[in-house]
Amino acid sequence: MTIEFSGEVWFWKGPALFYFVTVPEKESRELQQILTAVTYGWGMIPVNVRVGEMEWYTALWPKDGRWILPLKDAVRRAEKIDEGDVLTAKLEVTKGRNSR
């Protein structure tokens, strides 16, 4: 399954500081339907991601009935992404670790 969406970058000030983009509702529902076939634990969905020129492997996290995409600092720096920016992400759902 491949999903492309745009969303606003937000900052989580938890114990570990992190930036995320929330997957829209429609795409989150589609992801929920395949969860049991692809999750590797804790309800995470493994994905290969492309934002701008950067590609990486990560997992979507469940939050409030939707999914959130964590943004690596290296990606944010390379693509000059900051809180409040709107970005487009392309996700390729995998069935396990498929690092790029």
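**Burial, core and aromatic pairs**

Student: Is Thr 58 buried or exposed?

Tutor: The relative accessible area of Thr 58 in this predicted model is 14%. The limit for burial is under 20%, so Thr 58 counts as buried.

Student: Which residues does Thr 58 contact, leaving aside its neighbours within four places in sequence?

Tutor: Thr 58 is placed in strand β4, which covers residues 54-63. With neighbours within four places in sequence left aside, its contacts are Ile 45, Pro 46, Val 47, Val 49, Leu 69 and Pro 70.

Student: Which residues have the most contacts inside the largest nonpolar core?

Tutor: That core has 24 residues. The elements giving two or more residues to it are β1 (2-12), β2 (18-22), α1 (25-38), β3 (45-51), β4, β5 and β6. Inside this core, the residues with the most contacts are Ile 45, Leu 60 and Leu 71.

Student: Which residues are in contact with Leu 60, leaving aside its neighbours within four places in sequence?

Tutor: Leu 60 is one of the residues with the most contacts inside the largest nonpolar core. Leaving aside neighbours within four places in sequence, Leu 60 is in contact with Val 23, Leu 31, Gly 43, Met 44, Ile 45, Val 47, Trp 67, Ile 68, Leu 69 and Leu 91.

Student: How is the pair formed by the rings of Trp 12 and Phe 20 classed?

Tutor: The structure holds 6 aromatic pairs. For Trp 12 and Phe 20, the ring centres are 6.3 Å apart and the planes stand at 55°. Planes under 30 degrees apart count as stacked and those over 60 as edge-to-face, so this pair is tilted.

Student: Are Trp 12 and Phe 20 buried, partly exposed or exposed?

Tutor: Trp 12 has 38% relative accessibility and therefore counts as partly exposed. The value for Phe 20 is 0%, so Phe 20 counts as buried.

Student: How many residues apart in sequence are the parts that Phe 18 and Trp 61 tie together?

Tutor: Phe 18 and Trp 61 form a tilted aromatic pair, with 6.0 Å centre to centre and 50° between the planes. Because Phe 18 lies in strand β2 and Trp 61 in strand β4, the pair ties together parts whose separation in sequence is 43 residues.

Student: How far from the ring centre of Tyr 19 does Arg 76 lie?

Tutor: Arg 76 is placed over the face of Tyr 19. Its distance from the ring centre is 3.7 Å.

Student: What is the phi of Asp 64, and is this residue buried or exposed?

Tutor: Asp 64 is located in the loop between β4 and β5 (66-71). Although Asp 64 is not a glycine, its phi is positive, at about 55°. Its relative accessible area is 69%, so Asp 64 is exposed.

Student: Is Lys 80 buried or exposed?

Tutor: Lys 80 is in the loop between α2 (73-79) and β6 (86-93). Its phi is near 55°, a positive value in a residue other than glycine. Relative accessibility is 70% for Lys 80, which therefore counts as exposed.

Conventions:
Residues are numbered from 1 along each chain as its sequence is written. This is a predicted model: local features need pLDDT of at least 70, side-chain atom pairs count only at pLDDT 80 or more; totals for chains, interfaces and linings use all residues. Side-chain values use heavy atoms; hydrogens and water are left out. Helices (H or I, at least four residues) and strands (E, at least two) are DSSP runs, numbered from the N terminus. Buried means under 20% relative accessible area, exposed over 50%, partly exposed in between (1.4 Å probe, protein chains only). Contact means heavy atoms within 4.5 Å. A nonpolar core is a set of buried Ala, Val, Leu, Ile, Met, Phe, Trp, Tyr and Cys residues joined through side-chain atoms within 4.5 Å. Rings of Phe, Tyr and Trp (its six-membered ring) pair if their centres lie within 6.5 Å; planes under 30 degrees apart count as stacked, over 60 as edge-to-face and the rest as tilted. A charge sits over a ring if NZ of Lys or CZ of Arg is within 6 Å of the ring centre and within 35 degrees of the ring normal.
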